[in-house]
Amino acid sequence: MDPYALKTLNAERRARRAAILVTDLGDGRDRIVREGDQVAGDLGAAIARAFRSGNSGSVEAEGRTFFLNAHLPQPRLVVIGAVHISQALAPMAKIAGYPVEIIDPRTAFATPDRFPDVALHAEWPEDVLKRHPLDSYTALAAVTHDPKIDDFALKAALDANCFYVGALGSRKTHAKRVERLLALGATADQIARIHAPIGLDIGAASPAEIAVAVLAQTIHAFRSRGLDAKGAVA
Amino acid sequence: MNDSLYLDEARDPLIIAEGWMKDGKDVAIATVVETWGSAPRPVGSHLVIDAEGNFHGSVSGGCVEGAVVSEAIDVIDSGKAKMLEFGVADETAWQVGLSCGGRIKVYVERLG
């Protein structure tokens, strides 16, 4: 392995950016491909598949055998709001492979008693997101219903290009939210990425069912990354 | 292979390999490139080895690491990468004991 390739790969992994180490198993030469780099032909198609699935494997292309080792950051889910939905969402998302962090400055809501075994921050999103920045391998679901808490986080999620951004609230609530986000400087294209009303339309009624709908939408967004320029799905 | 939210730097084989390299050590990197049947570690898993035979990570559940380490020391000496195959069909492999019944292919290369 080329020492420079190893250094580059580790730097990308530390920065939570996806990278694939492509090794020619015939002559041992290797190189790093970052997400978004253009690679032509069958090899390029296999690389695109590996970025989407995260699966490593060998591929035959151009009469050679390449090994693609896909290094994807662990996807995670940040939930704004320590509410009933979040209580159901946190354990389900964790089981599905999306570790959760919950942020809610309302100390009556954000109690370890209500949220055992979850990373819980009884602070304003502004403060937590400064320490733990959002990124494109993070999903954000804003479920407090309170613009004072949700809006900053939603704008930050759009700016960080989170792979999923969802916001609880009716169409009417969302129309008002759109006005506020425009005033905060978000573009119309960015705002179009927000899933609102939140969750896949499965007719969810209870908080736990809404959590299923949000988790399903998060997984769909993650697994269809890059298939749609705007990232908007469902 | 998914990397953890915050890399576990003390146990991450590729981070350790980079550290060894900076310390001026000779290093080999072994990678699972193919599996069949009930292989214990997924494709893409790494074992990293230095010239003294110190190693971190895994390519199996501890069954074939010993054999990979000794091959890796040859690879460090020669600089020539090797493709190793372990499985029940292979008499030697059976001796080193991939007893889970799976088969794995491990690519061993020198760093630099």
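**Helices, sheet and chain contact**

Tutor: Start with two helices of chain A: α5 (residues 147-159) and α6 (residues 171-183) pack at an angle of about 60 degrees, and their axes are 11 Å apart. With that angle, α5(A) is oblique to α6(A). Keep in mind throughout that this is a predicted model.

Student: Which way does α5(A) pass α6(A), left-handed or right-handed?

Tutor: The crossing is right-handed.

Student: And which residues make the contact?

Tutor: From α5(A) they are A:P147, A:D151, A:L154 and A:K155, and from α6(A) they are A:R177, A:R180 and A:L181. By type, the contact of α5(A) with α6(A) has three nonpolar residues, four charged ones and no polar ones.

Student: Ok, zooming out. How many helices and strands does chain A have?

Tutor: Chain A has eight helices and nine strands. Its C-alpha trace spans about 60 × 35 × 35 Å along the principal axes. The radius of gyration of chain A is 20 Å, which agrees with the value near 17 Å that a compact globule of 234 residues would have.

Student: What order do the strands of the open sheet come in?

Tutor: The order is β7-β6-β5-β8-β9 in chain A, five strands with parallel pairing. β7 (119-121) and β9 (164-167) of chain A are at the edges with a single partner strand each, so one side of each has no neighbour in the sheet. From one strand to the next, the twist averages 15 degrees.

Student: What holds strands together in general?

Tutor: Strands of a sheet pair through backbone hydrogen bonds, in a parallel or an antiparallel way.

Student: Back to β7(A). How many bridges does β6 of chain A share with β7(A)?

Tutor: Three, in the parallel sense, with β6 covering residues 100-103 of chain A. Opposite A:I103 you will find A:H121 in β7(A). Helix α3 (residues 84-95) of chain A packs on the sheet and touches β5 (76-80) and β6 of chain A. The direction of α3 makes about 160 degrees with that of β6(A).

Student: New topic: chain B. How many residues of chain A are in contact with chain B?

Tutor: 23 residues of chain A, in contact with 22 residues of chain B. Elements of chain A giving two or more residues to that side are α1, β3 (57-61) and β4 (64-73). The largest share, seven residues, comes from α1(A). The side of chain A that touches chain B divides into ten nonpolar, nine polar and four charged residues.

Student: What does α1(A) pack on over there?

Tutor: Helix α1 (residues 3-14) of chain A packs with helix α1 (residues 13-22) of chain B at about 130 degrees, with axes 10 Å apart. That angle makes α1(A) oblique to α1(B), and their crossing is left-handed. Among the residues in contact are A:L6 and A:L9 of α1(A), and B:L14 and B:M21 of α1(B). The contact of α1(A) with α1(B) comes to seven nonpolar, one polar and two charged residues.

Student: Where is A:E62?

Tutor: In the loop between β3 and β4 of chain A.

Technical notes:
Residues numbered from 1 in each chain as written. Chains lettered and ligands numbered in written order. Predicted model: local features only at pLDDT ≥ 70, side-chain atom pairs only at ≥ 80, totals over all residues. Pairing = 2+ DSSP bridges. Helix = DSSP H or I, 4+ residues; strand = E, 2+ residues; numbered from the N terminus. Axes fitted to C-alpha atoms, helices over the stretch in contact; angles between N-to-C directions. Contact = placed C-beta atoms within 7 Å. Parallel < 35°, antiparallel > 145°, perpendicular 65-115°, else oblique. Left-handed = near helix turned anticlockwise from the far one by under 90°. Nonpolar A, V, L, I, M, F, W, Y, C, P; charged D, E, K, R; others polar. Rg over C-alpha atoms; globule rule 2.2 N^0.38 Å.
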